[in-house]
Amino acid sequence: MTKTFDPLETRSADQRAADLARDLPALIARAQTTAGMGQTLAGVDASAITTIESLASLPVLRKSALVAAQASAAPFGGFAALKTAEFDHIFQSPGPIYEPGRATADWWRLGRFLAASGIGRGDIVQNCFSYHLVPAGMMFENGARAVGAAVLPAGTGQTELQVRAARDIGTTAYAGTPDFLKIILDKADEMGERLSITKAVVGGGALFPSLRQFYADRGITCRQCYATADLGNVAYETDAMEGMIIGDGVVVEIVRPGTGDPVPHGEVGEVVVTTLNADYPLVRFATGDLSAIMPGLSPCGRTNLRIKGWMGRADQTTKIKGMFVRPEQVADFVSHHDEVARARVIATREGEKDVMTVRIETRASNPALYETTLMNTLKLRGKVELVPPGTLPNDGKVIEDLRSYE
């Protein structure tokens, strides 16, 4: 096992449960003091929220609600527990949406990811995440400082200068998007320079297996994390290379898209995160991303749950016959029929017309049983196909658009 960041990573299941029973009520109570979460959590008994299962009784906070709140109560929509000037950083991400930040130790919890990637004292991290308005650059700088590494705040672009700096300074580690390191390495080859980078920590985009292998062939170990500007680090890879370890400091649920209802472990659903951050206490924040909880524990020795990583987007809203069909409408339909396990809306074209087909997992044999409910919930007529339970793919999709736009 690579060196752990702190003892929290290897806690026993009993200790994790005890710590959560202590930390969750305090987090809920803290969130209730903010105008934003306080309204969402009005009437909730914070002392009763002691387990991940009890979290499911609380409403989900969607990013659209956060954006709307910021429009009327800038900059943080009333969701921060500190005054604006009490934060060390204020960021503006595309949208625009504002996020706070602090310079305190490992505030975004990326230190565990860097430690798991073998980065620590003696390393020099060339941080190629943007430092302009968005938080990514400061997030990784904060993580590098937490493990004692030096930082070159390189930012994006200027590949020739990036190569010269890496050569002159003796950069040993890269932080940035997955593909920008290749651009730097290609430029180094063009310039006839050999760099000393042997470690890479990446995020903000897909790390394709072929690109990871390219780095491995160059003697560079590349690991990825799953982090967001609102939440900080959520999960990260380790040397076990079996999914991603959920970070200590967050509670992750996987819910059925369009709802706040947890799905069984192994089933793909939307990632919902509660961050145990007293400065910015977001409770059941829906990321819009799809993933699944993996069974068992990681061979690396860390004991938290694992997710499979990023598996697509949960917001599958699709326009069919001029009408939007949303995941929550599909969930509403399923909730009306106890015998229905899952349903999937499929959009296709026949001639020049949209066609909606709804595949329903059920042991029933009469499609007419569902036509009225479908019309009431989806507001459209479509074909109904009944399939046995377990037939639909376990990919988190409840709406699938098969129409060609080329």
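The model is a predicted one.

**Entry 1: arginine 306**

I started with arginine 306. I found arginine 306 in strand β15, which covers residues 306-307. Is arginine 306 buried or exposed? I looked up its relative accessible area and read 4%. Buried means under 20%, so I noted arginine 306 as buried.

Next I checked its side chain for polar partners. I found a polar contact with the side chain of glutamate 242, at 3.2 Å.

Then I listed what arginine 306 touches, leaving out residues up to four places away in sequence. Glu242 is on that list, along with Met244, Ile245 and Ile246.

**Entry 2: a four-stranded sheet**

I turned to an open sheet of four strands. I wrote down its order as β1-β13-β12-β11, and the pairing as mixed. Which strands stand at the edges? They are β1 (61-62) and β11 (250-255). Each has a single partner strand, so one side of each is left without a neighbour in the sheet.

I then looked at β12 (residues 269-275) and β13 (residues 285-291). This pair is antiparallel and runs over four bridges. I also noted glutamate 270, which stands opposite leucine 290 in β13.

**Entry 3: helix α10**

Last, I looked up helix α10, residues 327-335. Which of its residues are buried? I noted Pro327, Gln329, Val330, Ala331, Phe333 and Val334. I then asked what the buried residues of α10 pack against. I found the strands β17 (323-325), β18 (343-350), β19 (353-361) and β21 (399-401), and the helix α11 (368-378).

Technical notes
Residues numbered from 1 in each chain as written. Predicted model: local features only at pLDDT ≥ 70, side-chain atom pairs only at ≥ 80, totals over all residues. Heavy atoms only, no water. Helix = DSSP H or I, 4+ residues; strand = E, 2+ residues; numbered from the N terminus. Buried < 20%, exposed > 50% of the residue type's maximum accessible area, 1.4 Å probe, protein only. Polar contact = N/O pair within 3.5 Å; in protein donor to acceptor, adjacent residues only side chain to side chain. Contact = heavy atoms within 4.5 Å. Pairing = 2+ DSSP bridges.
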